[in-house]
Structure formats: C-alpha cells, structure tokens
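Hello,

Here is the structure I promised to hand over. Please open it first, then read my notes below.

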Amino acid sequence: IAEVEKEIAEGEDKSPDSPSYSNNTTKLSTDNWMFNRTLSNLIRKNILRFFDPERDISILKGTLKPGDVIHYIFDRQSTTNISENLYQLLPTASPMKNQHHRHCAIIGNSGILLNSSCGPEIDSYDFVIRCNLAPVEEYAGDVGRRTNLVTMNPSVVQRAFQDLASEEWRERFLQRLRSLSGSVLWIPAFMAKGGEERVEWAIRLILLHTVDVHTAFPSLRLLHAVRGYWLTNNVQIKRPTTGLLMYTMATRFCEEIHLYGFWPFPQDSQGKPVKYHYYDTLTYEYTSHASPHTMPLEFRTLSSLHRQGALRLHTGSCD
Ligand code: CTP
C-alpha cells in the first residue's frame, strides 16, 4: 500500500474545491489495464482494519428498539428517536451477508455517461450498485437497467421527488422503488437532522405499499471509519461522497470493481461540456460552493488505483 500512498500523496489537491482538471491527472490508460489481485486483496484487508462493510452496511433490528435516541453524525447535538416505522424496516441480518461477487459495477451520476452506450456492458456485471435513486429507464442505453443496491440520501426525496408532496410524486417514487425488485435500498438516515422528515415520509410510503426492496440504514460509525481509512492513506477528504463510500464498501463483497459515471469535471478530456448529473440540471457550482465533498481529489485517488489495477475507471464510450 506504500506505493498507493506515495502516488496519492504526490497528486494531493492544492485547491480541492476547484472543479478544474488537467490532462496529466485525469488521463486514464484503458488499453493495457490489468486487474491487480494482490493490491485489491491488500486494500480489502486494510479496509477491514477500520470497519467491516458486511456489518456496517446496516444497523440491525436486534441492536435498537423504537424510541432509542440517536445522535446525528454531522450535528452531534441534534438527536432523533427511532420511530416505529423505521424500526420495522431495519433488517434482522446484514443484507450483504455471505455475498461475494466476481465482477461488480458502481455507477456514479456524472453526465460523462451520456452517449456512452455503456448500458449493455453495465448490465452484464454480477452486481450493480447505483447512487441516489438515479433514473435508469430513460437512459438505459447509456447507464443500463440492472440494480442490486441503490443509495438514497434524504435530499433525493426533495430534489427528485418534490418531497412526495402530491399523489403524482408519491406514485413516481413508488414506481421507481417497484422497479428495484429485490434490491437493497440503502438509506443514510442519520447524517443530519435536516433529512429526518424526508426519511419518515419515504419509509411510511414503503410500508403502506408493496415494494420489494431490502432496506438498509448504515451504522453510525461507517462514515467516520471510511474517512479514517482514506485519511490514513493520505487522502484528505472532508466527507466521502456516496460513490467513494460505495467503492470502499464494495471491496468487501467484490473481487473486480469497475466504476462508471465518475467524472467530477465540467469538460471531458477533449474539452466538450459534461453535465454534473446525467439526468438533471444541477451544475458544478453546486459542488464547488455548497457541497462538503472533495470530488476532484477523490477522482485522482481512484485514477491512481486504476493505474495500479486495483479498480477500473471507465470514462469513455463503450462502443
Ligand atoms: N460523481 C462523479 N462526478 C459527478 C457526479 C457524481 O464522480 N459529476 C460520483 C460521486 O462519487 C458521487 C456519485 O457519483 O458520490 C453519485 O452522485 P451524486 O448522486 O451526485 O452523489 P453525492 O454528491 O454524494 O450526493 P449528494 O449530492 O446528495 O451529497
């Protein structure tokens, strides 16, 4: 891992918020990429020293009861009580228990996926992880349809489903969940107090309707443990993005990990504009001012791991 540390440290971000890029740091060699099993095993072993993704992927029913007080992760002085509804949706065993997959894909939400024709390739993986309930049907040719695990930050309920305020939006939300049949729906419910009501609204709908998803709520220590792992490896992230969280966790369940839709830059390598998300109108101002993330630094870290064969970043077309 010393080599990883060295390369990551050399690429350290001087102005982590700036959505700029240079060809030196983003140029990825794809022709001669080879999976480095030794390094991948070493990374898994090192991550396991910080936490066990199989356990920390979700709080389990046996460990809490309705009414228990939870301190939010980002605002420790704010608390919530475990509601009856949330308690009902806690799994009794890890939704990833004993799961091991040879080839996994993690799909980030960058506009770099548009016109990539990567859909069929993505659908051919053994396990596909997506972020923040990003839509798939309308973009299937570029992003695929298959989903085995999908995350849902509480902010998604507001941003993509208008706070479930009307029958129409509630139906759209349910429609999206129904299309997930059998997948894990991973809800980071205890990050900040601001998301409390949104989580409750979503949970109520799930319980009221027949939706075949396995809900999971990350443990309270997961985020700090993931950050701790990367900080120890000299990656000075403020708060890991959903994409980096997913990669860090997937090392436990997957042998070869392929990433698509990770490109936190407003232009591609030829200078053509790239949307922040493939499916909405959010812009890069969102990442540079309001966001607590350090995406370009994360990207350089992932690129470094790509160059060493620990993971594969796909940023071009799949034609
Ligand atoms: N991502 C990326 N480049 C972009 C957009 C997203 O690399 N232009 C990756 C990031 O790792 C991100 C993931 O794709 O975590 C999913 O995107 P998004 O839903 O925007 O995730 P977050 O920014 O983590 O979510 P939030 O805005 O709710 O914090």
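Helices (H or I, at least four residues) and strands (E, at least two) are DSSP runs, numbered from the N terminus. This is a predicted model: local features need pLDDT of at least 70, side-chain atom pairs count only at pLDDT 80 or more, and totals for chains, interfaces and linings use all residues. Residues are numbered from 1 along each chain as its sequence is written, and side-chain values use heavy atoms, with hydrogens and water left out.

Start with the loops. Asn 132 sits in the loop between strand 4 (127–130) and helix 7 (140–143). Its phi is positive, about 55°, although Asn 132 is not a glycine. Asn 132 is buried, at 16% relative accessible area. Buried means under 20%, exposed over 50%, and partly exposed in between (1.4 Å probe, protein chains only).

Gln 162 is in the loop between helix 8 (154–159) and helix 9. Gln 162 is not a glycine either, yet has a positive phi of about 45°. Gln 162 is partly exposed, with a relative accessible area of 42%.

Next, helix 11 (residues 222–232). Its buried residues include Leu 222, Val 226 and Trp 230. The buried residues of helix 11 pack against several elements, among them helix 3 (37–48), strand 6 (184–186) and helix 14 (295–307). Contact here means heavy atoms within 4.5 Å. After helix 11 comes Asn 234, with a positive phi near 70°.

Last, a helix pair. Arg 170, Phe 173, Leu 174 and Leu 177 in helix 9 meet Ala 202, Leu 205 and Ile 206 in helix 10.

Best wishes
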